Every structure is written in structure tokens, then in C-alpha cells.
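Please open the model in your viewer and follow the selections below in order. Each stop names what to select and then describes what is there.

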Amino acid sequence: TVFSLLLLLRVMCIMAAPFTLLVLCWAFRPSCSENPPQWYYNISTDLFHLPGDILLGGLFPINQLTSDLSHRTRPDNISCARINRLGLGLALVMKYAVDEINAQQILLPGIKLGFEIYDTCKQSSVVVHPTMSFLTAKSNKVLSVECDYTQYETSISAVIGPLSSEMVTVIGKLLGFFLMPQVSFGATSDQFSNKLLYPSFFRTVPSDKWQVEAMMLLLKRFKWNWVAVVGSEEEYGKAGVQEFSKLAENTSVCVAYQGLIPVYTDPKSAIDTIINNINATNVSVVVVFSIGDPAEVFFKEVIKRKVTAVWIGSTSWSMDHRLTSLPGIEGVGTIIGFIEKTKPLDLLPNYTRQLLTKLSKEGVRHKSNDLKDPCPQCWNLSTADITLVTQPSVKQQAFSVYAAIYSVAQALRNLLQCNSTACIYGPETQILPWKLLQVLKNTSVDINGKYLKFDSQGNPNIGYEIIEWVWKASDLKFIHVGSYYEQLITNKTLFKWHTANSEVPQSTCSAACSEGQVRRVKGFHSCCFDCIDCLEGTYQAKNGDIQCTQCPSRTWSVRRSTSCVQPTFSFLSWHKPEAVGLTLAVVLLLVCEISVGVLFLKHRGTPVITASGGALSFVAVLSLMGACLSLLLFLVEPGDFVCRIQVPLSSIFQTVALSIMTFISLQILYATEFPKMAASHLHVLRGPGTWLFVLVCCALQAGLCGSFVKNGVSLSEYMADMHIDFVTTFLACPMLPLSGLGLIQGFNCAMALVSFMCTFMAAKPLNQYNLARDITFSSLFYCVIWVTFIPIYTGLDVKEKSIAHVLFSLASNLTLVAAYYFPKCHLLLRKPELNTAEQFGTFLEGAPVTQAPEEPQPQSEKKT
């Protein structure tokens with residue numbers, strides 16, 4: 001209905017009202033956000049003094065030295081009349097923090113916090129005076145000498161500052177004696193972490209030890225190991241250089257040169273020497289650990305001499321306006337700086353603007369002649385001086401001052417057991433420094449979303465931002481390229497390198513070694529080295545090694561290895577070319593032997609077969625086949641069983657054939673030399689005597705083979721005792737002992753030699769087949785082959801020995817088949833008419849040998 005529709009529209013309007021208000025506030029956000037808090041209008045224009053229930057002391061470098069200390073002869077006043085805008089800006093931050101705490105009344109409800117700010121002038125002779133005043137008794141403003149200061153309440157409850165490490169070394173131990181809390185916003189030297197020397201020291205900036213670690217990680221991230229380090233000749237610079245050099249000794253970074261820039265004397269000659277050495281060492285990266293003033297003088301000379309490098313800056317000058325405004329600074333190369341991780345103080349500029357506005361109105365009426373006023377000329381400040389707190393260096397360090405004030409305020413709150421409305425505090429309440437110190441050690445505070453706490457050494461949980469100076473046109477921008485807190489994080493794509501090719505510059509004394517190489521150091525620097533290959537049997541254990549490591553037992557390595565490996569073995573497997581060739585040779589010879597056997601079987605009982613040994617000839621052919629097949633054991637993977645039967649099997653098969661041939665030779669000798677007796681005894685010799693002779697010969701050979709196997713080593717034992725000096729090698733069965741192998745083969749050769757001697761001088765029967773000739777040539781070739789084998793075998797490597805053994809065995813088998821059986825096969829196939837009893841009568845029946853007559857010599861024809 002219409003009524004329902006109107007009601008719905010009304011509800012929607014009501015719900016849209018807050019959103020509309022937000023949109024309007026966003027549209028007119030300057031007027032919504034820039035209205036200063038009401039308490040801004042009630043702030044005091046006294047920049048350095050504020051009375052209160054509890055006072056804090058501030059030490060800031062408000063002015064710069066204008067006296068000549070070299071001519072100082074009396075402990076009188078020192079003139080510091082030129083404003084230090086950084087120190088003055090940080091002092092204003094302290095005033096802002098105290099005014100804010102007092103106005104909000106959240107931390108210390110019902111208590112007014114006051115302060116006394118003094119100028120340190122960055123001089124140890126100046127900083128002592130305000131420190132002494134801080135230690136005076138609150139009751140009478142007198143510093144008395146007492147034995148026990150337990151109930152001694154100082155006029156100042158805690159000290160904020162000073163900025164530099166040099167000043168802390170002067171007053172830190174003195175404040176530590178009174179156990180007065182001291183919270184520095186800029187002293188970064190790691191020596192203050194020593195609680196025995198500085199028991200009451202805290203800081204809201206990280207220690208230089210962390211900064212050095214971050215720098216070292218940055219160098220390693222870009223593989224820079226050849227660097228120079230320069231520092232200012234005061235506490236901060238010397239400690240930084242010392243810490244950097246100490247850490248570099250334990251890393252792969254080499255300090256090619258280190259130098260100090262004088263602070264209290266003329267630095268020109270020293271800077272000239274530093275730059276000359278930077279050029280001489282050919283470094284591309286220079287770490288500068290210096291306070292602002294010496295760094296400014298140093299870079300003026302760097303600009304003048306047109307030195308380019310990667311400059312890594314410490315926190316003290318990385319955003320110093322004196323250096324960023326140097327003419328020509330953009331031409332020195334790449335500048336990478338470290339700054340503390342902080343949070344911006346958004347309300348500080350508005351506060352300062354209101355303060356300067358009020359100060360400019362009251363300045364004419366308040367010209368100060370107070371000797372305690374550290375900055376009389378500050379009454380002339382106006383809103384134009386808002387840059388005191390907007391300059392980058394102050395904006396960067398403002399949070400450190402702010403955090404120092406708030407940490408002390410939180411400690412006071414805890415000490416006084418404050419709640420949201422009041423604290424346990426009255427006229428008789430004493431704020432004893434040592435009690436406040438105990439509370440501060442365990443204090444943590446949330447400051448604008450940043451949770452701050454101190455460790456046992458008084459260091460905060462604050463890290464670093466890494467920035468790079470980048471010029472866009474004529475404007476300098478600080479680009480955040482990384483950060484560090486316990487670990488380094490960088491974005492390499494954000495770095496802009498001022499090199500010809502815009503690539504990361506190299507800074508190494510020597511090129512990195514390849515894998516499997518170690519460094520041989522040249523000179524005094526470990527980063528200058530020659531790269532040496534690791535030889536066989538050694539390896540590079542890890543990067544940066546200066547010596548190759550020996551391989552562990554039973555392992556080996558090739559040249560330029562990074563690890564050792566267990567050795568691997570190859571053998572004459574079937575798929576390798578050598579094995580394929582040997583297998584084909586075995587098969588061809590086996591085919592020949594089978595063919596001979598088939599042919600002899602077909603013509604069994606014929607005179608040629610009977611004269612050749614009859615059934616024994618078949619046994620000899622079969623044994624040669626077995627010898628041929630046994631050679632295949634050399635072409636399989638070696639094992640204990642295979643290695644035990646390789647030599648015995650091939651040798652015994654040959655022994656069978658040779659023993660038969662030897663006995664036939666003896667028969668020929670008997671038939672030709674003793675023809676009268678042979679006819680009546682040949683049937684006996686060709687009967688049981690033949691088999692007995694063959695068995696005896698085989699038994700002797702079997703005994704030799706058994707002795708060889710027993711006295712030899714198994715493959716497992718051989719491999720266990722093997723000296724490993726290879727990564728991969730050929731594995732063959734060990735032919736050990738060689739004397740045993742020689743006896744086995746020597747026995748076969750002896751039978752062949754007997755055969756040769758029995759048949760060589762045998763008379764050739766007239767008009768008969770010369771059976772002795774076949775045995776003579778077969779036994780002769782057999783002996784020649786194995787005699788030739790000895791010198792060849794001893795000069796070969798393991799793989800070649802296996803191949804040679806197989807080849808010579810094949811060759812000896814081939815000579816026996818070719819010289820003894822092939823002529824008979826030729827007779828059977830080509831001249832079957834000679835296969836008669838008359839052709840073999842002497843060898844079959846023992847008939848007397850009738851030698852062939854000598855052929856007459858032809859007479860020469862007479863010349864007519």
C-alpha cells in the first residue's frame with residue numbers, strides 16, 4: 001500500500017543518514033581533520049623548561065660549537081651559538097610528547113609531567129654540566145656526596161638522550177652509578193648493551209650490532225665480498241668500524257681497507273688518504289659508519305674527485321639533509337642507507353605550527369637573558385620554521401624521541417599504580433631512580449599501534465628500513481627497498497644501479513670458483529685467491545673451502561667433484577659392442593663344430609672316422625663345443641659362482657679334446673716307430689686304454705682346477721680388498737693366483753706339445769692319408785697361440801684381459817677344429833673316393849710304413 005511504501009522510504013532515509021554524514025566529512029576532510037585539539041591553545045611557549053610534579057631531563061644537540069676548544073685553558077663557559085636544526089627539531093618532539101601526555105591525562109592522571117631540556121652541543125665538556133644538575137637532590141638542588149643513595153631522590157627522575165654514542169660514553173657510567181634511567185633516542189653503539197658498565201641505559205633505536213649484521217647480509221645478498229669501510233673518529237664510528245671488521249672475519253667478506261675521518265682535527269689529509277686507498281684497492285662498495293659532520297666533509301671530497309661506488313650508509317647520516325643537499329651528490333654512484341623502523345607522528349606538524357604561531361606572537365615580550373636558556377634566538381622562530389619537524393631526518397627520528405618519553409611515562413604509571421582516574425602520588429611520594437629503573441626494565445607500551453618493549457640489554461624490538469637515494473629530475477626520493485628485523489628482506493627489482501648497464505655492480509677481489517674448486521689464498525685477504533681443482537679422490541666439501549677433502553674409505557671422486565660416490569662396475573654384458581662381437585665369434589665357431597660333428601656322425605664307421613679316433617673324435621668335437629659355450633660365462637655379470645667355474649670349465653673341455661688328440665699321436669708314433677709290435681697291440685690301445693688315458697688327463701686337470709679355485713680368492717673377497725681409486729671400472733673375475741692359471745693352461749699346452757713331438761718326425765705312409773700332419777699343425781698352432789698369449793696378457797688392463805682371454809681361447813679352439821677336422825671334412829665332401837681302408841691302412845691295422853721314394857732330380861738339358 002502507499003502507507004507501507006512511505007514507511008519503507010522513511011526507514012531507508014534514517015539508515016542512510018550516517019553514510020551521508022561520512023560522505024560529507026570526506027568531501028570536507030580538511031576542515032574535519034585539521035582542527036587542532038583544544039589543548040594546543042594552552043601549550044607553553046617555553047621550549048626547554050616546563051615545571052611539573054615529576055621532571056624529565058632532556059639532552060639534545062640544540063646548537064653547534066662556535067668556540068675554539070684548541071685554545072681553551074680554563075673550565076669556563078663554552079660558546080655554542082649556531083642552531084642545529086636537527087637537534088632543535090627533536091627537542092620540540094620531546095615537548096610535544098610531554099604536552100600530549102599532560103593534556104590527555106590517560107597515562108598519568110592527576111600528575112603533571114615536566115621537563116628540563118639542555119643543549120649538549122655534541123661536546124663532552126658541555127654535556128657534563130646538565131648531567132650534574134640532573135643528579136642534584138630534589139629537596140635542595142645540591143649534589144651531595146653520600147655512602148648510600150638508596151633514599152636519594154634526584155631532581156630529575158629520568159634522562160632522555162643524548163643523541164650520540166660519544167656523549168653517552170661520557171655520562172652513561174655516571175648515571176649508571178646513581179641507577180638513574182637513561183633512554184637514548186640515537187646512541188646506537190653496541191657497547192652500551194653491557195649492563196655491567198651501563199646498568200641504567202636504554203634506547204629506542206636498535207644496536208649497531210644488528211645494523212652491522214644487516215649490512216653483512218646485504219653484502220652477501222649481492223655477492224659483494226671486497227669492500228672498504230670508513231668511519232668517523234669518535235665513539236660511534238670507531239665502534240661501528242670495529243664491529244663490522246670483527247664480523248667480516250667470520251664471514252666471506254673481506255675488508256680491503258678501513259679508515260677513520262678525524263672529528264676534532266682537520267680531516268683533509270686523512271680524507272685524501274682514504275680516497276686514495278679506496279681507488280687503489282679497486283673496491284666498488286664502501287660502508288660509511290659516520291656521524292653527519294665528518295660524512296659531509298668526506299662526501300664533498302668524493303664529489304670533487306669524482307669517485308663512484310656503492311655507498312652503504314649507517315643510520316646517522318642516511319637521511320641527513322646536509323648530505324642530501326650537497327651539490328653533485330647524485331654523481332657519486334648508488335647510495336643505500338639504513339634507517340630505524342618508525343611510525344610517523346601525524347599530529348606533530350600541526351602542534352608545531354600552533355606552537356610557532358603562539359611563539360611569534362609572544363617572542364617580542366619574552367627576549368630571554370637567562371643563562372640556562374639553551375637557545376635565546378629561538379624566540380625569533382616563526383611558522384616559516386615548520387621545517388624543523390618536517391625535514392626528513394627529523395621525521396625519521398621523531399618517533400624515537402616520542403617512544404622514549406612514552407616508555408618512561410608508562411614506567412611511571414606502573415610505579416605509581418595508576419588507574420584511569422588517579423595515581424598513588426602525594427607530597428610525600430618519592431620517585432627514586434633505582435625503583436623507576438626496575439619498573440622500566442619490565443615495561444612495555446603501545447605507542448600509536450607500535451608495541452615497544454626492551455630486552456635484558458635495554459635494546460628495543462625495532463628493526464631497520466633499507467632505503468636508496470633515487471633522483472627523479474632534480475628531486476631526491478628515498479625509496480624503501482628492504483627491511484631487517486631478525487632477517488633481511490629485500491626487493492631486488494626496486495634497486496636502481498648507477499652503472500653503465502644498470503646492472504648490479506661487482507665488488508670481488510677474485511672471481512668465484514667453480515664447483516669442485518677450492519681457494520688458494522693470495523696475500524693477506526681470504527677473498528683474493530686462485531681457484532685450484534680438486535684432484536681424483538678428493539672433493540670440495542663446501543663453498544669457500546681452502547683445501548680439498550679426502551674421500552672417505554671405499555668411495556672415490558673424479559676431478560673437480562663436490563662429493564664422493566660409491567664405485568660402480570661395468571662388465572661384458574650382452575648389449576655392449578665387444579660382447580656382441582665375441583658372441584658372434586662364439587656362435588660361428590660353434591656352428592663350425594656342430595657341422596663337423598654332424599658330418600662325422602653321418603660318415604661314422606668309415607675309415608677316415610675310424611682312423612681319426614672313432615667315437616673319441618665325436619667326444620673331442622663335443623668337448624670343443626663345451627669349451628666354446630663355456631666362454632659365454634665371460635660375457636655375463638660376474639659373481640662368486642660364475643667366477644669359480646669360468647676357467648675350470650673352459651680348460652677341462654679343452655683338456656678332453658687335447659688328451660684324445662695326444663693319445664692318437666701316441667698311437668701314430670707307436671705305429672710308425674714300432675710297426676712289428678703295433679699290429680698286435682693297436683686294438684688294445686684303441687680300447688680301454690684310450691678312455692683310461694683321457695680320464696687320467698681330465699683327473700689331473702681337475703685337480704689343478706680344484707687347487708686353483710681353493711687357493712684363489714672369491715669375487716666378494718677380491719672386491720672387499722680392492723683399493724678404490726676409481727668412480728667406475730670394469731669388473732672381471734680375478735684370475736688369481738696367476739701361477740694356478742699358468743699350471744692349468746700349461747698342462748693343456750704340454751699335451752699339445754707332446755702331440756706335436758710325436759707327429760712331427762713321423763714318417764709319411766706311401767700312398768696314404770697323412771693323419772700325423774693334421775695333428776702336427778693343430779698342436780703347433782695351439783702352442784704358438786698360448787705362448788703368444790702370455791706377454792700380451794700381462795700388458796693389458798682388466799677389461800682387455802677378459803676380452804683377450806676369450807679371443808685366445810676361441811683362436812685355440814679354432815686351430816684344433818680347422819687343422820685337425822677341416823682336412824678330413826674336405827676329404828669326405830670333396831674326395832670321398834679316398835675314404836678307403838687302403839688310405840688309412842697304417843693307422844687302422846698297424847701295417848709297416850712304406851715311405852714314398854724320393855723324386856729324382858731333373859737333369860739339365862745340354863745346350864746344343
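Which helix gives the most to the lining of the largest pocket? In this predicted model, the answer is H9, with five residues. Select helix H9 (292-304) to begin.

Next, display the pocket itself, which holds about 1,100 Å³ of space. Its lining comprises 50 residues, and those closest to the centre are Lys122, Ile291, Asp293, Pro294 and Arg322. Among the other elements that supply at least two lining residues each are helix H3 (85-104), helix H5 (165-177), strand S13 (333-340) and helix H13 (392-415). By class, the lining has 20 nonpolar, 18 polar and 12 charged residues.

Turn now to the salt bridges, of which there are 16. Select Lys268 and Asp272, whose side chains meet at 3.3 Å, N to O. Both residues belong to helix H8 (residues 268-281) and stand four residues apart, about one turn of the helix. Lys268 has 46% relative accessibility, so it counts as partly exposed.

Move on to Arg520 and Asp530, which form a salt bridge at 3.8 Å, N to O. This pair links strand S19 (residues 517-521), where Arg520 lies, to strand S20 (residues 529-533), where Asp530 lies.

Finally, select Arg559 with Asp533, a salt bridge of 3.6 Å, N to O. Arg559 sits in the loop between strand S22 (549-550) and strand S23 (568-570), whereas Asp533 is in strand S20, 26 residues apart. Arg559 is partly exposed, at 43% relative accessible area, and Asp533 is also partly exposed, at 22%. To close, select Lys122, Asp293, Asp320 and Arg322, which salt bridges with shared partners join into one network.

Definitions and conventions: Residues are numbered from 1 along each chain as its sequence is written. This is a predicted model: local features need pLDDT of at least 70, side-chain atom pairs count only at pLDDT 80 or more; totals for chains, interfaces and linings use all residues. Side-chain values use heavy atoms; hydrogens and water are left out. On a 1 Å grid over the protein atoms alone, a cavity is a set of points where a 1.4 Å probe fits but cannot get out, and a pocket is an open set with protein on both sides within 12 Å along at least five of seven lines; lining residues have an atom within 4 Å of a point. Grid points are joined across faces, edges and corners, and a volume is the space filled by probe spheres set on the points. Ala, Val, Leu, Ile, Met, Phe, Trp, Tyr, Cys and Pro count as nonpolar, Asp, Glu, Lys and Arg as charged, and the others, Gly among them, as polar. A salt bridge is a side-chain nitrogen of Lys or Arg within 4 Å of a carboxyl oxygen of Asp or Glu. Buried means under 20% relative accessible area, exposed over 50%, partly exposed in between (1.4 Å probe, protein chains only).
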